[in-house]
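These are my notebook entries on a structure I looked through. I wrote down what I looked up, in the order in which I went.

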Protein chains: 2
Amino acid sequence: MSESDEIRRMVTDLATKAKAASRVLARLDPARKNAVLLRVADALRGEAKVGILVANEKDVAAAIADGMASAMLDRLRLTPQRLDGVADAVAQIARLDDPVGNVAGLRTLDSGLTVGRMTIPLGVIGIIYESRPNVTADAAALCLKSGNATILRGGKEAFRSNQALARVFGEALEAEGLPTAAVTLLPTTDRAATTVLIGLDRLVDLIIPRGGESLIRFVVDHARVPVIQHYKGVCHVYVDEDADLDQALAIALNSKVQRPGVCNAMETLLVDRGCAAEFVPRAFAALRGAGVTVRGDAAVQELADGCEAAKDEDWDAEYLDLILSMAVVEGLDGAIAHIARHGSQHTEAIVTTNYDKARRFIREVDASLVLANASTRFNDGGELGLGAEIGISTTKLHAYGPMGLNELCAEKWVAYGSGHTRA
Amino acid sequence: MSESDEIRRMVTDLATKAKAASRVLARLDPARKNAVLLRVADALRGEAKVGILVANEKDVAAAIADGMASAMLDRLRLTPQRLDGVADAVAQIARLDDPVGNVAGLRTLDSGLTVGRMTIPLGVIGIIYESRPNVTADAAALCLKSGNATILRGGKEAFRSNQALARVFGEALEAEGLPTAAVTLLPTTDRAATTVLIGLDRLVDLIIPRGGESLIRFVVDHARVPVIQHYKGVCHVYVDEDADLDQALAIALNSKVQRPGVCNAMETLLVDRGCAAEFVPRAFAALRGAGVTVRGDAAVQELADGCEAAKDEDWDAEYLDLILSMAVVEGLDGAIAHIARHGSQHTEAIVTTNYDKARRFIREVDASLVLANASTRFNDGGELGLGAEIGISTTKLHAYGPMGLNELCAEKWVAYGSGHTRA
């Protein structure tokens with residue numbers, strides 16, 4: 001048997017066991033699932049803590065030896081406090097409402113048949129992610145709570161940390177008499193194993209890649225299993241001529257500087273020509289005061305003394321940093337056209353006091369969240385009331401925006417009759 | 001330029017135009033979309049009728065010359081009455097509620113931000129289908145009503161008919177001043193063109209294949225665009241020991257014989273051992289009386305004099321004909337296990353008067369529709385109150401069961417603030 005046959009057999013075998021485990025999870029009462037999660041949270045705060053930190057230290061040491069950049073190292077590192085945070089997150093997921101078995105729209109049709117839609121788990125969810133080991137616990141906990149089995153393929157750099165974290169789930173499942181295959185970490189980070197996993201469309205129900213654009217592109221290009229992805233967040237704030245400019249400034253600053261390294265941070269500020277002369281200099285000064293480097297188009301440069309020039313590629317850039325592109329546009333239509341061309345269907349905001357323009361922007365802009373008079377930073381599961389999320393989808397199908405517990409479920413139709421037949 | 005480059009360029013060009021048209025459709029008021037549909041319905045009943053029938057006659061003549069089987073020929077043939085039926089279906093779609101721009105779950109969170117989810121079109125939907133030309137009009141009308149552009153790839157046999165039908169949509173769009181690319185029929189049925197189409201994941205938002213298993217398999221294997229598919233309907237009725245046996249008999253007969261050639265017809269009847277001695281002979285006689293050939297397992301054969309023996313492959317067969325497999329199972333658990341192994345996640349029914357068993361069956365069986373005490377034939381957009389459907393999905397993601405207008409939409413988040421920033 002060749003090596004690639006061996007990898008195929010190994011991954012297929014793990015996925016088969018995960019599928020069987022998913023059938024057990026799908027039938028569980030909420031209390032059983034929550035018991036597993038609370039055991040995990042307890043272990044993360046207690047008996048498993050040292051083992052995880054030691055495993056993580058080895059990962060960090062290896063990463064340092066490999067010359068990993070310090071920002072990446074910081075994402076990889078688990079501290080006792082961070083591990084407590086992971087435990088808290090798992091315990092919080094246990095406290096959320098159970099998403100399975102809820103029926104919506106139950107109604108009795110003319111035939112007398114009573115029909116509705118019941119939430120059900122998806123089955124087996126494959127999560128493919130990069131360095132942050134906390135994703136291991138978050139993803140496993142969210143999938144378990146929603147009755148799904150998980151197959152995790154974490155980053156090479158975090159392999160020991162992920163193994164230690166996954167072991168905690170295995171032990172908690174076992175202690176509750178449940179199949180440990182419900183949370184499966186692939187025992188290799190070999191790309192060949194990933195390729196097999198994302199091809200198993202009869203065993204795996206959904207793949208969620210989390211990471212850089214090249215990882216996501218690889219998954220989309222090679223998957224037969226449905227993929228829900230998020231390429232990048234090129235988010236805009238459009239300041240309309242009819243905006244309250246104080247409000248606009250506060251929203252622009254919050255969208256850019258409150259946490260610049262995340263996908264829902266603003267990358268481009270669009271200013272209506274009608275208020276540019278007043279707003280651009282104010283915004284430029286305030287942003288510069290907050291440490292932001294602004295790259296403007298010709299109109300912005302004219303109004304903002306000392307502003308760098310934006311290049312063509314700036315309009316499509318996701319800086320994830322204290323850098324911002326800024327352009328003057330011709331009113332609402334100019335803003336909508338700019339966003340349609342350069343946006344990434346993530347988060348888009350308008351600031352205006354004009355009712356009709358707010359209504360048009362909300363309706364016409366295609367993004368997973370469209371806001372009027374609020375910061376782009378609100379595109380987050382917690383802020384939108386979902387409790388917890390596994391990522392933000394910019395795929396329209398099934399889930400567009402933050403994916404919480406409900407988005408990890410599907411809906412089947414249910415029908416209650418009393419001997420109904422079709423005429 | 002090679003032939004395959006030419007095909008790639010041609011399909012990409014059509015999809016680019018369809019994408020641009022989809023942006024126009026997404027913003028249309030319901031009245032504009034309905035005006036197009038009513039023009040189409042009028043033309044199908046009037047000026048376009050003869051041209052379509054002549055084109056269809058040519059298709060039928062060519063199919064006869066090619067030796068097409070009579071059942072297939074019947075599906076290909078359009079008569080004046082059938083064309084009136086197509087026109088009625090389009091007019092009925094115009095009368096349905098508009099699915100776009102509806103907001104669900106609008107609520108104000110602790111932050112004061114008011115958030116909800118708004119229905120939006122998916123964008124560009126590719127429909128790949130086989131011989132029936134009425135799919136051309138149905139699919140185009142449903143997509144248009146839901147604000148989506150359509151790219152249609154019909155069967156080779158119906159090419160002239162499909163061209164004539166698509167032209168009616170083009171003329172109606174043009175008369176309303178809308179881009180004709182909103183309904184695009186591929187000008188070739190070459191498989192290379194289909195392969196290009198299903199790979200255009202930046203231009204096409206969803207592919208729906210309708211047809212035989214090999215067509216669907218081809219699409220799933222080669223698509224980068226998300227696919228919602230329906231492989232087959234191996235639907236079961238489980239008659240529980242606690243069933244009202246008269247009701248069970250009526251449901252079994254209706255599920256099998258009311259229209260045996262469709263995907264929601266029953267293919268396997270499962271009988272609880274506790275009522276087998278009484279029910280199997282009655283069901284066998286009634287089914288045989290209705291012209292059904294029954295293939296039974298050993299237990300059924302013992303109870304039903306003259307019953308054929310089922311082979312292993314019968315339990316996975318979609319007969320689409322007056323043939324039925326029948327097995328005796330060990331109660332509810334036996335039925336659920338049989339369905340988990342052989343079902344196709346399409347439609348599953350239990351007949352019982354026992355509350356707990358009905359509840360367990362409804363919860364635990366994984367299918368797009370699960371019924372208690374009703375015929376499998378109810379898995380249909382019309383019967384479930386959707387008005388019209390584009391097919392029945394056995395893909396759990398996004399839509400599971402009949403796909404009506406709402407299932408051709410996605411949901412984006414919308415948020416209304418008054419200067420909200422994140423702390």
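I began with a sheet in chain B: 4 strands form an open sheet in the order 5-4-3-6, and the pairing is parallel. Two strands pair if DSSP finds at least two bridges between them. Strands (E, at least two residues) and helices (H or I, at least four) are DSSP runs, numbered from the N terminus. The edge strands are strand 5 (183-185) and strand 6 (206-210) of chain B, each of which pairs on one side only. On average, neighbouring strands of this sheet are turned by 20° against each other, direction ignored. I noted that strands of a sheet pair through backbone hydrogen bonds, either parallel or antiparallel.

The model is predicted: local features need pLDDT of at least 70, side-chain atom pairs count only at pLDDT 80 or more, and totals for chains, interfaces and linings use all residues. Residues are numbered from 1 along each chain as its sequence is written, and chains are lettered from A and ligands numbered from 1 in the order in which they are written.

Next I looked up strand 3 (residues 124-129) and strand 4 (residues 149-153) of chain B, which pair in the parallel sense over 5 bridges. Ile127(B) has Leu152(B) in strand 4 of chain B as its bridge partner.

In chain A, strand 3 (residues 124-129) and strand 4 also pair in the parallel sense, over 5 bridges. Gly126(A) stands opposite Ile151(A) in strand 4 of chain A. Of the 5 residues in strand 4 (residues 149-153) of chain A, 5 are buried. A residue is buried if 20 or more other C-beta atoms lie within 10 Å of its own, exposed if 12 or fewer, and partly exposed in between, with C-beta atoms placed from the backbone. On one side of that strand are Ala149(A), Ile151(A) and Arg153(A), and on the other Thr150(A) and Leu152(A).

Which helices lie across strands of chain B? Helix 1 of chain B lies across strand 3, strand 4 and strand 5, running at about 145° to strand 4. Helix 9 of chain B lies across strand 3 and strand 6, running at about 160° to strand 6. Axes are lines fitted to C-alpha atoms, for helices over the stretch in contact, and angles run from 0 to 180 degrees between N-to-C directions.

I then picked Val219(B), which is in helix 9 (residues 213-222) of chain B. Why does Val219(B) count as buried? It does so because it has 22 C-beta neighbours inside 10 Å. Leaving aside neighbours within four places in sequence, Val219(B) is in contact with Ile128(B), Ile198(B), Ile207(B), Pro209(B) and Val227(B). Contact means that the C-beta atoms of two residues, placed from the backbone, lie within 7 Å.

I turned to helix 2 (residues 30-45) and helix 7 (residues 159-175) of chain B, which pack at an angle of about 135° with their axes 9 Å apart. They are therefore oblique to each other; angles under 35 degrees count as roughly parallel, over 145 as roughly antiparallel, 65 to 115 as roughly perpendicular and the rest as oblique.

Strand 16 (residues 409-420) of chain A and strand 13 of chain B run parallel and are joined by 5 bridges. His420(A) has Ala374(B) in strand 13 of chain B as its bridge partner.
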